[in-house]
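Please open the structure in a viewer and keep the selection panel at hand.

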Amino acid sequence: MDYVRLGTTGMKVSRICLGMMSYGDPAKWQDWVLDEEGSEPLVRKAAEAGVTFFDTADTYSFGASEEVTGRLLRKIFPRREDYVLATKVFFPMDKAANDGGLSRKHIMAGIDASLKRLGTDYVDLYQIHRWDDDTPIEETMEALHDVVRAGKVRYIGASSMYAWQFAKAQHVAEVNGWTRFVSMQNHYNLLYREEEREMIPLCLDQGVGLIPWSPLARGLLARADAGQERTTRSGVDGRIEQLYGGPGDAAVLARVAETAATRGVPSAQVALAWLLAQPGVSAPIVGATKERHIEDAVAAAELSLSDKELAYLAEPYVTRPVIH
């Protein structure tokens, strides 16, 4: 496993980040979520393969994902310094008026609650899960700066939003001497490339690392050759039709399957290798509910596609509306 700096920071992360959304409590959230017993072999397999970067969020299984993540990482790694832990804040955790969003009140309560569930004194990367239209960005950025100054957070990151919003947040932090975002967790894969319009060029210019979510388009790219069974998650995931299925998708999937067949590897490896080859991408966030998901992700980090193959895979893409 190779390790790279996250953006222009000095912190190094594995080229694959294991997404912990799949681990937690199925009774609290979704049927496809694995409990702690089912999660441990997969997290351990990833760690043994060299994965040291793990991403969760307070909202996943309504806190249970953070609890499982914390316990497993403490069990698997000898020292806290041996892995990079990321979590997120924004989505409501309860029904009270201040139990969501990016107000100072919720950020301060959110980080303390996350640290308690994770069983750690700090998180390496604290991310805003979405943009909050109801809170002035000055309030959000100052609160995030304060949690960094308090030693509870090492770096801060952001997730899906418009490029102008991200630029505004970075500007507010800079002019006030506050902590700036070092990463962008954006929606980016062979079936959704709208981030190439403005967000990715902005991040490249500013030295912000990309850690894309849904790198396999909710499993569609992994099943490009139609040779894999549909998963429990895909059968109940209503967002698949919202995000994908537009003009050009079938052609992209066909080329992924063709390239995979030529290479003699699974489609997932080809799709992830394409993403890893894109400028600014530090570590795609890969979900795994089966051992082969880990194996494909690790293998993709070592699969080098030619310039001709990269262009061939990208060529059929048809632009679509921006969706966060």
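The stops below concern cysteines, a helix pair and aromatic rings.

The model is predicted: local features need pLDDT of at least 70, side-chain atom pairs count only at pLDDT 80 or more, and totals for chains, interfaces and linings use all residues. Residues are numbered from 1 along each chain as its sequence is written, and side-chain values use heavy atoms, with hydrogens and water left out.

Select C17 and C203. A search of the whole structure finds 0 disulfides (pairs of cysteine sulfur atoms within 2.5 Å). C17 is in no disulfide, the nearest cysteine sulfur, that of C203, being 16 Å away. C17 is buried because its relative accessibility is 0%; buried means under 20% relative accessible area, with a 1.4 Å probe and protein chains only.

In α2, E66, E67, T69, G70 and R74 meet S114, R117 and L118 of α3 (contact: heavy atoms within 4.5 Å).

Now display F166 and F181. These residues form a stacked aromatic pair, 5.8 Å centre to centre with 20° between the planes; ring centres must lie within 6.5 Å to pair, and planes under 30 degrees apart count as stacked. F166 lies in helix α5 and F181 in strand β8, so the pair ties together parts that are 15 residues apart in sequence. Both F166 and F181 are buried.

Finally, select W29, W32 and Y60, which form one aromatic cluster.

How values were computed: Buried means under 20% relative accessible area, exposed over 50%, partly exposed in between (1.4 Å probe, protein chains only). Helices (H or I, at least four residues) and strands (E, at least two) are DSSP runs, numbered from the N terminus. Rings of Phe, Tyr and Trp (its six-membered ring) pair if their centres lie within 6.5 Å; planes under 30 degrees apart count as stacked, over 60 as edge-to-face and the rest as tilted.
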